[in-house]
Amino acid sequence: MDLEIDGRLADLTFDEERQAALEVVRAAASGCLDCPLGAIGTQTVFGAGPVTARLMFIGEAPGGQEDKAGRPFIGPAGKLFDEALEAAGIDRSAVYVTNTVKHRPWIAGPTGRQKNRAPKQSEINACRQWLLRELALVQPSVVACLGAKAAQAVLGKAFRLTDQRGTWVQSEAAPHVLATLHPSYVLIQPEESRERVRNLFFDDIRIAGDRYRHLGEVEAAAAVL
Ligand code: URA
């Protein structure tokens with residue numbers, strides 16, 4: 001991968017080099033046709049956030065609004081995600097937010113309208129290269145997976161969200177990985193269970209935020225020794 005920018009590579013700090021590398025990966029992903037989704041989407045929805053982020057959120061796949069805007073989690077699920085971040089005291093601009101699959105999976109509904117669908121395993125596999133590069137460059141200390149697809153993409157197919165939601169797992173992706181519910185799942189709950197499920201989701205995001213802050217304090221204390 002050639003990271004030279006106008007011959008200035010030698011002047012870049014380590015973090016600037018990582019940011020430049022992330023931009024190279026973003027550009028490469030934008031033309032990806034390794035699965036059929038690349039040909040039917042408006043654009044690639046790559047991750048967003050600083051390469052220096054210590055906390056990464058990984059969702060499933062972009063929906064209609066994300067496909068149009070080219071940014072992850074800006075539609076209805078994104079609004080709920082933002083509320084959970086705010087309740088947990090997490091500044092979205094300081095964290096990295098991405099998806100397991102970078103193009104919107106959709107099918108034509110009966111009226112011809114595009115309807116979101118879950119990504120197929122073959123699509124997740126084809127897109128894995130981009131997620132792995134994001135993880136390798138950002139190197140978050142904490143990863144929160146939103147939903148079972150993201151959790152299994154990061155922690156393996158044996159991971160069971162129903163049994164292991166909200167528990168910390170050490171993995172190659174990051175030393176602290178937690179999986180929680182997908183915000184879209186919260187939104188489709190019937191009235192009687194919505195608040196309970198919403199609380200589970202909010203609690204897990206708060207737990208992720210607490211761990212991220214705690215590790216940040218430990219790192220800062222170690223830096224002054
Ligand atoms: N759902 C996701 O998983 N990701 C998005 O970006 C939006 C909705």
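Modeller: Let's begin with β5 and strand β6 (residues 176–180), which pair in the parallel sense over five bridges. This is a predicted model, in which local features need pLDDT of at least 70, side-chain atom pairs count only at pLDDT 80 or more, and totals for chains, interfaces and linings use all residues. Residues are numbered from 1 along each chain as its sequence is written.

Biologist: What makes β5 and β6 a pair?

Modeller: Two strands pair if DSSP finds at least two bridges between them, and β5 and β6 have five bridges. A144 stands opposite L178 in β6. Strand β1 (residues 55–59) also pairs with β5 in the parallel sense, over four bridges, and there L55 stands opposite V142. Strands (E, at least two residues) and helices (H or I, at least four) are DSSP runs, numbered from the N terminus.

Biologist: Why is β5 called largely enclosed?

Modeller: A residue is buried if 20 or more other C-beta atoms, placed from the backbone, lie within 10 Å of its own, exposed if 12 or fewer, and partly exposed in between. Five of the five residues of β5 (residues 142–146) are buried, so the rest of the structure largely encloses this strand. V142, A144 and L146 cover one side, with V143 and C145 on the other.
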